[in-house]
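Thank you all for making time this morning. I would like to walk you through one structure, starting with the chain as a whole and then turning to some of its side chains.

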Amino acid sequence: MGLLRSLAMPFLLILLSWLPEIRSQSNNRAEDLGPLLQDYAFRAFVRPKTGVPYDGVAPSNLTGIKVAVMRLRSGSLKRRGVLMYKEFEIPPGVMESQYVKRLVLVYHNLGNWSTIYYPLTGYSYLTPVLGLVAYSATNLSATNLPELEIRATGDPIKIKFPEVRSAPDGLVARCVWYDRHGLANFSSVLSGNACSTTQQGHFAIVVESVAPPPAPIPPSGGGPAPSGEGKKKKTNSRIWIIVGSVLGGLALLLLLAFLLLWMRKYKHKRRMQKMENAAEVGETLRMTTIGDTKAPSAMLTRTQPTLESEYVL
């Protein structure tokens with residue numbers, strides 16, 4: 001079994017090196033973006049005043065993303081809300097799940113990075129993705145803070161998008177809300193290009209993508225596939241190669257395990273045969289009856305005893 005483990009380790013290492021690449025094709029990096037923007041947004045606090053928004057500066061490698069922060073008292077947020085914080089209209093009755101004396105509302109505008117961090121298959125964005133995330137204000141220099149869950153107990157929070165691209169004819173725009181795990185939830189767009197929510201998260205207005213017209217079929221011999229279709233086929237082919245390699249490796253491991261078990265059984269059988277042959281080659285003793293019992297007896301008698309006086313001349 002030690003041989004099996006030594007053979008399995010390189011295969012497992014190769015498989016683990018493939019897994020991040022497979023996951024990256026289906027998951028986005030939004031969960032890693034939140035702590036980074038929280039750190040840069042909190043840097044805007046120098047001498048913060050309660051209820052005043054401060055614009056932060058995003059990292060240089062994320063040019064186009066906008067961040068802002070605003071510190072609030074928990075009781076004031078619940079009683080009065082916030083008339084307008086960027087595109088967010090927060091009504092009275094908003095509460096956090098875990099009570100804190102003061103909290104910070106961090107604002108995100110992902111701009112042209114929206115489709116990178118929140119890709120949505122089958123839909124096109126008519127607005128950038130906007131985010132509203134709450135954190136505790138106990139330590140304004142802290143990083144990697146856990147998010148606070150806030151919820152509207154009365155009227156919903158409204159997101160009013162100032163600029164919305166027109167939807168193609170015949171298609172209806174929809175609001176999309178992403179929760180903290182990046183799962184998409186859809187709702188109807190309100191009048192005035194607005195969306196509503198009872199929870200924090202990231203929001204945008206989207207529309208279903210219009211499928212391109214089918215390419216004309218070449219008369220014979222075929223022609224070069226469109227670039228998008230070629231990329232899709234190449235990606236699918238690569239995935240199937242990885243899956244085939246994984247299944248082939250597992251089949252090889254099972255075959256090696258079966259071979260090792262067969263070798264152990266074969267060695268045990270050979271050992272038993274040798275012991276049986278050794279028993280058969282040994283000298284056979286004659287059986288004799290003593291009373292009601294049978295016992296083996298030697299065919300030759302022992303050397304007859306001789307008296308010492310017989311050697312005296």
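Before the numbers, one term: when I speak of a contact, I mean heavy atoms within 4.5 Å. With that in mind, residues 24 or more positions apart account for 68% of the contacts in the chain with a separation of 6 or more.

Please keep in mind that what you see is a predicted model. The mean pLDDT of the chain is 81, and 72% of the residues reach 70 or more. Over residues 12-28, however, the pLDDT is below 50, and this stretch has 12 contacts in the model beyond its near neighbours in sequence. Residues 221-226 also have a pLDDT below 50, and there the model shows one contact beyond near neighbours in sequence.

Now to the overall make-up. The chain has 313 residues, of which 30% are buried, and it holds five helices and 16 strands. Its accessible surface comes to about 21,800 Å², with 59% of that belonging to carbon and sulfur atoms.

How many disulfides does the structure hold? There is one disulfide, and it joins cysteine 175 to cysteine 195, with the two sulfur atoms 2.0 Å apart. The angle about the S-S bond is -90°, and the link of cysteine 175 and cysteine 195 is left-handed. Because cysteine 175 sits in strand β11, residues 174-178, and cysteine 195 in strand β13, residues 194-197, the pair ties together parts that are 20 residues apart in sequence. Cysteine 175 is buried, with a relative accessible area of 2%, and cysteine 195 is buried with a relative accessible area of 2% as well.

Next come the salt bridges, of which the count is four; I will go through some of them. In one, the side chains of lysine 86 and aspartate 55 meet at 2.7 Å, N to O. Lysine 86 belongs to the loop between β3 and β4, while aspartate 55 belongs to strand β1, so this pair ties together parts that are 31 residues apart in sequence. Are these two residues buried or exposed? Lysine 86 is partly exposed, at 36% relative accessible area, whereas aspartate 55 is exposed, at 55%.

Another salt bridge brings together glutamate 89 and lysine 160, at 3.0 Å from N to O. Here glutamate 89 lies in strand β4 and lysine 160 in strand β10, so the parts tied together are 71 residues apart in sequence. Glutamate 89 counts as partly exposed at 26% relative accessibility, and lysine 160 is partly exposed at 38%.

One more salt bridge is formed by glutamate 149 and arginine 180, whose closest N and O atoms are 2.7 Å apart. Since glutamate 149 lies in the loop between β8 and β9, and arginine 180 in the loop between β11 and β12, this pair ties together parts that are 31 residues apart in sequence. Glutamate 149 is partly exposed, at 27%, and arginine 180 is partly exposed, at 43%.

Finally, the surface. Which residues make the nonpolar patch of about 750 Å²? They are Leu252, Leu255, Phe258, Leu259, Trp262, Met263 and Tyr266. Methionine 263 has its place in helix α5, which covers residues 227-281, and at 36% relative accessibility methionine 263 counts as partly exposed.

Notes. Residues are numbered from 1 along each chain as its sequence is written. This is a predicted model: local features need pLDDT of at least 70, side-chain atom pairs count only at pLDDT 80 or more; totals for chains, interfaces and linings use all residues. Side-chain values use heavy atoms; hydrogens and water are left out. pLDDT is the predictor's confidence in each residue, from 0 to 100. Patches are made of residues with over 30% relative accessible area and no salt bridge: like charges are joined within 9 Å, nonpolar side chains (Val, Leu, Ile, Met, Phe, Trp, Tyr) within 5 Å. Accessible areas come from the Shrake-Rupley method with a 1.4 Å probe; for residues, only the protein chains shown count as cover. Helices (H or I, at least four residues) and strands (E, at least two) are DSSP runs, numbered from the N terminus. Buried means under 20% relative accessible area, exposed over 50%, partly exposed in between (1.4 Å probe, protein chains only). A disulfide is a pair of cysteine sulfur atoms within 2.5 Å.
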